[in-house]
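Thanks, everyone. Let me put the model on the screen, and then we'll walk through it.

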Amino acid sequence: MQSPLEPTGLALDPKPPAALVFHDVDHEYYVRRSATVRALAGIELALATGEFVSVVGPSGCGKTTLLRLAVGLLRPSRGTVSIGGEPVRSPRRDVSFIFQDAVMLPWFSVMENVTLPIRIAGGDMAMARLRAGELLDRVGLTGFHNATPMQLSGGMRQRAAIVRALMTRPRILLMDEPFGALDALTREQMNLDLASIAEASGCTVLLITHGISEAVFLANRVVVMTPRPGRIAEMIDIPLPRPRNRRTLAAPEFAALCDRVREHFQHPGSEMASAYE
Amino acid sequence: MQPPLSMVSRLRGQANRAVMPALAIAVLGLWELMVVALKVSPLVMAKPSDIATALWTGFVEGLYWTHLAATLTEMVSGFLIGSALGLVCGLAITEFGRFGRLLFPYLVAIQSIPKVATAPLIIMWLGFGLQSKIVLVTLITFFPVLINTISGLSVVDRMRTDLMAVLLANRWQTFLLVRLPSAAHQIFAGLSVAVVLALTGSIVAEFAGAQRGLGVLLLQAQANLDTAAMFAVLVLLAIIGLAATMAVRGLERRLLYWTERRNEGDPT
């Protein structure tokens with residue numbers, strides 16, 4: 001029996017239903033007619049509903065492929081990716097994707113960009129604008145509703161992209177190095193904001209990142225991947241209390257967990273070590 | 001203290017605005033002086049004052065109006081028809097994939113044939129009236145718009161189309177919300193080439209055989225050995241060309257409000 005009072009995301013027994021499952025997933029890209037590159041091998045990963053999982057790994061370890069499989073832009077060469085028990089064949093309305101780049105359309109205002117998912121789905125635009133307004137205010141974009149994306153800074157654009165992703169009230173949020181292009185200070189603030197947004201929305205989140213502290217700070221679980229072909233090297237539970245905030249960053253447990261992740265990347269002379277600092 | 005950069009550029013802009021007319025007046029003055037001082041034959045070179053007189057009488061005595069109307073009609077209707085066709089065919093070719101890719105190399109090959117060379121043939125088919133001129137201008141403006149539409153729509157921003165895929169946009173939505181606006185800048189580049197070609201096309205078609213038009217006027221002036229009148233027509237053509245280019249540019253700035261304006265201080 002599952003107790004409703006149980007905290008989400010920690011190692012649970014009995015388990016809540018898995019939201020997103022990768023089962024024995026391999027993925028190969030065709031480079032030329034006969035040559036293939038193996039991006040992922042034997043990925044076995046299940047995200048519980050409401051869980052926040054971060055994936056860290058060196059460049060080219062297939063992290064992005066993992067997300068593209070989850071969103072249905074790619075199909076696995078072997079194995080299955082399923083959401084709520086159904087195999088993923090194409091993008092779904094209850095799954096939102098946040099790209100590395102904000103991908104704002106410059107011919108639309110921030111409001112038009114953010115309400116685009118509802119416009120495409122043919123939903124109620126008046127309601128959408130109302131909700132978008134609230135969300136934009138919440139991520140600190142008050143006064144920029146009718147600005148053009150060009151008038152925003154990189155961090156602000158990425159905030160707008162987060163709002164756009166939340167507009168459809170997704171059950172699953174997939175993020176592909178969303179803050180990779182931002183400076184360190186903005187990034188830290190974005191992480192604090194993202195932590196509270198994710199906690200409030202109750203979404204299941206799969207975050208791909210290059211930043212170890214970011215991965216640990218946000219997640220219930222950190223998945224460390226090996227270079228090509230990408231395999232899961234280790235899964236590390238992050239039992240830090242929620243809500244996560246500035247105090248989390250100062251906690252000694254936080255530093256210890258970061259160190260544990262970092263160990264994977266610091267074998268002397270290894271190619272993985274150089275990518276991380 | 002250094003003045004702020006924006007002020008420097010503004011001052012420079014004002015200086016440009018003052019220098020440009022002054023320069024033009026100086027050049028015209030020098031031209032006039034040289035023709036008089038060197039006793040250049042009026043057959044070879046007309047004085048600016050004679051050109052101005054020819055323009056004045058051309059308008060006042062009403063000689064220009066019918067010719068101007070003919071050339072403008074040919075140019076504008078040919079341009080509108082040609083670019084509309086170019087746009088529609090470009091969309092059709094890119095949207096209906098494989099066929100278009102087969103066709104593209106031939107289109108580029110045809111594009112490199114000088115279309116004005118068909119003027120005598122078209123006039124033989126369609127006669128000396130406006131019709132033949134409009135057809136030639138249509139033909140000449142069609143290709144740059146077509147090629148630019150195709151290449152503009154073929155460059156696909158992967159991130160944007162991925163976004164549309166993730167949002168479950170259908171083909172029409174993706175086209176309207178992403179691909180067409182992404183290609184708009186390139187399409188306008190085609191239009192600004194086409195609008196200049198439209199004027200060239202109508203003049204050349206008139207050379208090849210016409211009853212009215214600025215091209216006819218040029219030929220008449222040549223027959224009369226009236227150099228000043230020829231220069232006067234060239235001035236008119238320059239003004240038309242400039243106005244047409246600026247109109248296309250103005251439309252682009254209006255429709256493509258999101259593109260960054262480069263060379264903000266540029267006096268053109």
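Confidence first, since this is a predicted model. Chain A averages a pLDDT of 83, and 90% of its residues score at least 70. pLDDT is the predictor's confidence in each residue, from 0 to 100. A contact here means two C-beta atoms, placed from the backbone, within 7 Å.

Two housekeeping remarks. Residues are numbered from 1 along each chain as its sequence is written, while chains are lettered from A and ligands numbered from 1 in the order in which they are written. In this predicted model, local features need pLDDT of at least 70 and side-chain atom pairs count only at pLDDT 80 or more, but totals for chains, interfaces and linings use all residues.

Now chain A as a whole. Chain A has ten helices and ten strands. These are DSSP runs, numbered from the N terminus: helices are H or I with at least four residues, strands are E with at least two. Of the 277 residues of chain A, 43% count as buried. Buried means 20 or more other C-beta atoms within 10 Å of the residue's own, exposed means 12 or fewer, and partly exposed is in between, with C-beta atoms placed from the backbone. Take the contacts in chain A with a separation of 6 or more: residues 24 or more positions apart account for 69% of them.

Next, the sheets. Four strands of chain A form an open antiparallel sheet, in the order β2-β1-β4-β5. Strands pair if DSSP finds at least two bridges between them. Which strands sit at the edges? They are β2 (36–48) and β5 (86–87) of chain A, each pairing on one side only. Strand β1 (residues 18–30) of chain A runs antiparallel to β2(A), joined by nine bridges. One bridge links A:Tyr29 to A:Val37 in β2(A).

Strand β3 (residues 52–56) of chain A deserves a stop. Is this strand buried or exposed? Five of its five residues are buried. A:Phe52, A:Ser54 and A:Val56 point one way from β3(A), while A:Val53 and A:Val55 point the other way. In a regular strand, side chains alternate between the two faces of the sheet. β3(A) has parallel partners. Five bridges tie β3(A) to strand β8 (residues 204–209) of chain A, with A:Val53 bridged to A:Leu206. Four bridges tie β3(A) to strand β9 (residues 221–225) of chain A, and there A:Val56 is bridged to A:Val224.

On to domains, with bounds from an automatic or database domain assignment. In chain A, domain 1 is 21–94 + 170–268 and domain 2 is 105–169. Their C-alpha centres are 25 Å apart. Twelve residues of domain 1 of chain A contact ten residues of domain 2 of chain A. Helix α6 (residues 184–201) of chain A supplies the largest share of the domain 1 side, five residues. By class, that side has eight nonpolar, two polar and two charged residues. Nonpolar covers Ala, Val, Leu, Ile, Met, Phe, Trp, Tyr, Cys and Pro; charged covers Asp, Glu, Lys and Arg; the others, Gly among them, are polar.

Chain B is next. Chain B has ten helices and zero strands. Its radius of gyration is 23 Å, well over the 18 Å that the globule rule gives for 268 residues, so chain B is more spread out than a compact globule. The radius is taken over C-alpha atoms, and the rule is 2.2 Å times the number of residues to the power 0.38. The C-alpha atoms of chain B fill a box of roughly 75 × 70 × 30 Å along the principal axes. Buried residues make up 32% of chain B. Chain B splits into domain 1 (1–40) and domain 2 (43–255), with C-alpha centres 32 Å apart. Six residues of domain 1 of chain B contact five of domain 2 of chain B. The domain 1 side has five nonpolar, no polar and one charged residues.

Last, the chain interface. 15 residues of chain A contact 13 residues of chain B. Helix α3 (residues 116–121) of chain A gives the largest share of the chain A side, three residues. That side divides into twelve nonpolar, one polar and two charged.
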